[in-house]
Amino acid sequence: MDLTSIDSLSDDQVETILDEGERWAVSLRDGDGGDDRLRGRVVFNLFYENSTRTLMSFATAAQRLGAGVVRLPVEQSSVKKGETLEDTASTLGAMRPDALVIRHRENGAADRVAAIVRCPVINAGDGTNEHPTQALLDALTIRSHFGRIEGLAVAICGDIRHSRVAHSNAKLLARLGANVRLAGPPELLPDGLPALDSVDEAMEGADVVMMLRVQRERLERELGDQPGEYLRSFGLTAERFARAAPHAMVMHPGPMNRGVEIEDSLADDPKRALIMRQVEYGVAVRMACLDLLISGS
Ligand code: ASP
């Protein structure tokens, strides 16, 4: 089994990952170091794009379950000599890893690798397409805070068009019964998904406000915005956040562009921001995913 999209998972598997993720989060918080159920297993990390949270949390998750982790340093690898993704996949597959985690700038890259290697493949972000483990950790963060997902209004705001996080979250949170609202600057809205033009409208009464980074590295054309303009028009300011429900919480997948899509006062608000909680759940959810995919439990 592979995890290349939210659609890879059945409802039961989603439930299992969230329940197991919660269990791991509690035990890690209690100072438990995990266990060795994946002892003797090897996870390959293949990151063609930059990463802090996803890379480190997959490695930490694997090690907390006793697995070894090997990272291909892409910049020093044969990729730089022109090797294709397919040839790299065949080569790594022949080393018989027990799972392969891949992040790549091209949409569909994880599926291309999954078609070649025999072990489970986990998509750690492919271009603008999907980032399923981010959506799972976001769902768990919401569920653990509110005690439910069903019926909550979740405003996902910013560069929806280029955000694999938004695409996976829109699928998963809607499947779990949330009312998902997508909004952002007109030129950063998607073609295929229904979205609102106004961030203000999306925030109205929202229970969760999830802000997204402008993916400047993926823009076809520069936005040409003046300093401060994006924050004023589309970003999360205290004034705009006042439209959300009184108990609303702030999320962001990171990395944050402070002063662009989010104001410092909200990014760092200990009562409102769930951002570090998302990071914490990232390790726990990835432990649950690796366990499900490698040992099938
Ligand atoms: N870290 C997330 C991703 O890789 C979000 C972002 O980069 O803005 O998609």
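Two residues are said to touch, or to be in contact, when heavy atoms of one lie within 4.5 Å of heavy atoms of the other. The views described below are taken from a predicted model.

View 1. A174 belongs to helix α6, which covers residues 164–175. When residues up to four places away in sequence are not counted, A174 touches N169 and V180. A174 is partly exposed, because its relative accessible area is 42% and this class lies between the limits of 20% and 50%. For a sense of scale, the C-alpha atoms of A174 and M249 are separated by 18 Å, and these residues stand 75 residues apart along the chain.

View 2. Strands β1 and β2 are joined in the parallel sense over five bridges, and N45 has R71 in β2 as its bridge partner. Strand β3 (residues 99–104) pairs with β4, also in the parallel sense, over four bridges, and within this pairing I102 stands opposite N123 in β4.

**View 3. V42 and the covering of strand β1.** Strand β1 is mostly covered, since five of its six residues are buried. V42 is found in this strand, which spans residues 42–47. Is V42 buried or partly exposed? V42 counts as partly exposed, because its relative accessibility is 27%, whereas a buried residue would have to be under 20%. Leaving aside neighbours within four places in sequence, V42 is in contact with G68, V70, P97, D98 and A99. By contrast, a separation of 43 Å lies between the C-alpha atoms of V42 and P185, which are 143 residues apart along the chain.

View 4. A pair of aromatic rings is described by the distance of the centres and the angle of the planes. The count of aromatic pairs in this model comes to one. The pair is formed by Y230 and F234, whose rings are 5.5 Å apart from centre to centre, with 55 degrees between the planes. This pair is classed as tilted because its angle of 55 degrees falls between the limits of 30 and 60 degrees. Both residues lie in helix α8 (residues 229–234), where they are four residues apart, or about one turn of the helix. Y230 is buried, with a relative accessible area of 4%, while F234 counts as partly exposed at 21% relative accessibility.

**View 5. A charge over the ring of W24.** The charged end of R23 sits over the ring of W24, at a distance of 4.9 Å from the centre of that ring.

**View 6. Cysteines without a disulfide.** How many disulfides does the structure hold? The number is zero. C289 is in no disulfide, and the nearest cysteine sulfur, which belongs to C119, is 15 Å away; a disulfide would require the two sulfur atoms to be within 2.5 Å. C289 counts as buried at 0% relative accessibility, and C157 is likewise buried, with a relative accessible area of 0%.

Definitions and conventions. Residues numbered from 1 in each chain as written. Predicted model: local features only at pLDDT ≥ 70, side-chain atom pairs only at ≥ 80, totals over all residues. Heavy atoms only, no water. Phe/Tyr/Trp six-rings, centres within 6.5 Å; stacked < 30°, edge-to-face > 60°. Helix = DSSP H or I, 4+ residues; strand = E, 2+ residues; numbered from the N terminus. Buried < 20%, exposed > 50% of the residue type's maximum accessible area, 1.4 Å probe, protein only. Lys NZ or Arg CZ within 6 Å of the ring centre and 35° of its normal. Pairing = 2+ DSSP bridges.
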